[in-house]
Amino acid sequence: MSKKDYIIFSSIDWEVHYQLHHQLTNSLAKNGSRVLFVQNIGVRPVTVGDTSRIIKRLKDWLFSTKGFKKINDKISLLIPLIFPFPFNKFFIKINTILIKDSVNKWIEKNNFSDPIIITFLPNPIIVKLFENEFKSSFKIYYCANHMSKGSPQASPLENWEIKLFRNVNLIFTISRLTYKRAKQFNLETYNYPPGVQFNEIITNKKILYVNNQNNNIFYIGALSNVIDYELLNYVIKKLPQFNFVFIGPVLVNIDKIKDFKNVKFLGQLDHTTTISYLKSAIIGIIPYKKNEFTDNVYSCKLNEYLACGLPVISTDLYEIQQFSKENNIINIARDKKEFASEILSINNNIFINTSKKNSWNTRFTEIQKTINLKLNDFENNYYKSSNLFFSYYGKIKKRLSLTLISFVLFFILIFYSPLFWYLGNILNVEHTISKSDAIVVFSGDGYSTYLNTGYQKRALDSKKYLEKGYAEKIILSSGRDQTIREVNLLKLFLLNKGIENEQIYIFEEYPASTYENVIMVGNYLKTKKINNIIFITAPYHTRRASLIWNSNFPNIKIKIPRLVDSPKKNIQWKTDLDTIKVIIYEYLAIIHNKFNNRF
């Protein structure tokens, strides 16, 4: 695991007060891992109040190297610039591309090998990256709170977070309620609340006092919208004998508490300095509002207060309740009056041992073990899946090769062999021609290929044998009903070539098949006592037609001449698709007629 590279998508910026994100990143780096820490890309649209943060982000980016900044040999920052519209479909696509390109450049230039991806964010960009770009990576969601409940603007995150729950290999949570929520969607969920840097606190002997007084009550953390300022206003006013000291950035309007004389704001300090101040405190407080968001929060400051030996007073939060049931050392206030009362009555007990059990080193060791175990399973399954894939791919490749070879051979057999020339010659019937009573021409029989151009060839054939004196009469029949009848066109052609009108007879009926056409014309020939005919039709139609003639009118002798478009007698190695269709149609038609006892 020490050789693994990590990409962490953080829900905070690196410069903010020390939190779980920093603990995890620093611990991974101490273990030898390289980490790319991606600064917060947001979970809600920006507002006017975010102006200073936007300006800071732009300044940080300008003083970076194309958005990248080095913290030390193991930790680097990516300061992304994206469009501040987290739930707009168009900008989700654009922002995903921007983040993807930056991260991929880093991976390529720094030779990150199969990095483990950890996200503290459940926003659309992360979900899209996990579904597509990092689809085959080992992915962890560190669910640090219920972000969709943090503000009304962040409420669309809920559905995106469910998608994320389902699309990661491992989930770490920091509170019991968050654990229950995540476990519904992913069984690989483990609850690891934040821990305290216990050794760092114990070895830090330096004590810093505010105004050289020892009546200081401390709050460490950002002054954000999770704090109950009405409660603080009441408590600070009620207890002027205590100094209330706040360490952390101011993110919201604090007018309700800023003007009290017994209030001190130290701003954001480094972690070591913060601990030195805590060692001079008499109480640590967690004055959060109670709501669905804060009930899902495990406050990192809780164990830091305890590690410094401080009694803790908190509002009635779910996670604090559960912690207190197990340890019975937290003073919980249900309202502002109880909060003030708890401060007055608290005893300065020693809480270090409880904090020691919740040290970050203990937490991180458990996290390491879980990641190692699940990563090992993931890589083994991936290896097996890869082997199965390549085995399956080999089989598929073999099948595809055989299919391709078969297709090529089939294509050659059909289009570039004498097969259809041979099959076509079987269909083509030719007789020696002698003088007959009449020439019978079937036009438009069979299928589409016989239409239009076919009648022109039949006209040439019938004219040729009539002019040579093989018969004195032509009988024309069309097997199809057409807007302009082929037999009329045939007649016009013959009249134009000098054939007398009296020599030409046309059937007005339109038989539905070759069989009906033969029956109709054959009955007419019998009435006219015509027993000897030259029969002209399409070459590949001659086999089927002659079988029907011979079976139904055995007393009529038919002779089929060689036609203008008869197949060549020399072997042909190439056949076009239209000819193949005609030949196949004819064989099917012969089978059909045989099945219906027409010959």
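The model is predicted.

Start with pairing. Side chains of opposite charge can pair when their charged atoms come close. A search of the whole structure finds 17 salt bridges.

One of them joins Arg34 and Asp5, with an N to O distance of 3.0 Å. Arg34 sits in strand β2 (residues 34-38) and Asp5 in strand β1 (residues 5-9), so this pair ties together parts 29 residues apart in sequence. Arg34 is partly exposed, at 26%.

Next comes a local pair. Asp60 and Lys56 form a salt bridge at 2.7 Å, N to O. Both lie in helix α2 (residues 51-62), four residues apart, so about one helical turn separates them. Lys56 is partly exposed at 36% relative accessibility. Glu15 joins Lys56 and Asp60 in a network of salt bridges.

A third bridge spans the chain. Lys374 meets Glu188 at 3.0 Å, N to O. This pair links distant parts, 186 residues apart: Lys374 belongs to helix α16 (residues 360-415), while Glu188 is in the loop between α6 (176-183) and β8 (189-191). Lys374 is buried, with a relative accessible area of 15%. Glu188 is partly exposed at 27%.

Lys89, Lys93, Lys128 and Lys163 form a positive patch. Lys128 is found in helix α4 (residues 124-131). Its relative accessible area is 31%, so Lys128 is partly exposed.

Notes:
Residues are numbered from 1 along each chain as its sequence is written. This is a predicted model: local features need pLDDT of at least 70, side-chain atom pairs count only at pLDDT 80 or more; totals for chains, interfaces and linings use all residues. Side-chain values use heavy atoms; hydrogens and water are left out. Patches are made of residues with over 30% relative accessible area and no salt bridge: like charges are joined within 9 Å, nonpolar side chains (Val, Leu, Ile, Met, Phe, Trp, Tyr) within 5 Å. Accessible areas come from the Shrake-Rupley method with a 1.4 Å probe; for residues, only the protein chains shown count as cover. A salt bridge is a side-chain nitrogen of Lys or Arg within 4 Å of a carboxyl oxygen of Asp or Glu. Lys and Arg count as positive and Asp and Glu as negative; His and the chain ends are not counted. The place of a charge is taken as NZ of Lys, CZ of Arg, CG of Asp or CD of Glu. Helices (H or I, at least four residues) and strands (E, at least two) are DSSP runs, numbered from the N terminus. Buried means under 20% relative accessible area, exposed over 50%, partly exposed in between (1.4 Å probe, protein chains only).
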